[in-house]
Amino acid sequence: MRAASLCAACLLALAAFSTAAVSTVAVSTAAAQEAGAGLAHMRGAEPIGDRTEPPMMARTEDGAERRVRNYPEQPPTIPHEIEGYQLDLKANKCLSCHARRRTGESGAPMVSVTHYMDRDGQFLAAVSPRRYFCTQCHVPQQDARPPVENTFVDVDDLLSAAGGDADE
Ligand code: HEC
Ligand code: HEC
């Protein structure tokens, strides 16, 4: 008898908990919908059982200008194709152009000095293991239309809007 009444209390608590959980989900869905301006999911209005038309493959930019960074610590984007470049434990194609001793013949910018530092700020002779897998941070660019608009504002624009000093 006692056990049964305890259980009823549990159930009540559970019910209250799940109502709270559901409303949290509802709130975050609303926020996501606002950011996506009506975008429900990648399938669009296509019913779940139907096959959707995949978007055209976008072309990767190659031979492009070096892109302005959005903030000083941003890993610069890759302005050239990297298709087929080997990047594993055995070989690093990127370093064949971007390593300090290769930049003379390749004309590529040298990897940043931070890439020679270990986590304690000590400079090593070779690129630090934590900077070895370049595509962890640097990515090539495609002319693709993102389904959700990016509302990023450059800090210089924020500062000049506020009447402060910008970078230039
Ligand atoms: C054949 C030589 C070569 C190889 C291999 C190569 N790059 Fe480059 N990379 C260049 C050159 C040259 C530039 C400069 C392009 C320019 O100034 O327009 C460049 C530019 C870049 C930049 C832009 C730097 C900046 O300051 O904006 C990044 C990042 C980069 N490469 C990363 C990589 C990564 C990662 C790989 C391997 C997946 C790689 N590169 C392989 C020659 C190469
Ligand atoms: C953990 C992230 C990370 C990895 C891995 C990494 N980078 Fe970077 N890279 C950055 C950041 C952040 C910057 C810009 C700030 C700085 O200089 O540290 C940068 C800057 C650069 C630059 C511009 C240098 C300049 O002075 O204009 C080049 C070129 C570059 N990286 C190439 C590479 C290559 C090639 C590899 C692989 C061997 C690599 N990076 C691995 C984060 C990374």
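This dialogue reads the confidence and the two ligand sites of a predicted model.

Biologist: What does the pLDDT average over the protein chain?

Modeller: The pLDDT, the predictor's confidence in each residue from 0 to 100, averages 79, and 74% of the residues score at least 70. Over residues 1-33 the pLDDT is below 50, and beyond near neighbours in sequence this stretch has one contact in the model, a contact being heavy atoms within 4.5 Å. Where pLDDT is low, the predicted coordinates should not be read in detail. In this predicted model local features need pLDDT of at least 70 and side-chain atom pairs count only at pLDDT 80 or more, while totals for chains, interfaces and linings use all residues. Side-chain values use heavy atoms, without hydrogens and water, residues are numbered from 1 along each chain as its sequence is written, and chains are lettered from A and ligands numbered from 1 in written order.

Biologist: Which residues come nearest to ligand 1?

Modeller: A residue is near a molecule if one of its heavy atoms lies within 4 Å of it; of the 20 residues around ligand 1, Arg-66, His-80, Cys-94, Cys-97 and His-98 come nearest.

Biologist: Which polar side-chain atoms lie by an oxygen atom of ligand 2?

Modeller: A polar contact is a pair of N or O atoms within 3.5 Å. For ligand 2, a polar side-chain atom of Arg-66 lies 3.5 Å from an oxygen atom, one of Arg-69 lies 3.1 Å from an oxygen atom, and a side-chain N or O atom of Thr-114 is 2.6 Å from an oxygen atom.

Technical notes
Polar contact = N/O pair within 3.5 Å; in protein donor to acceptor, adjacent residues only side chain to side chain.
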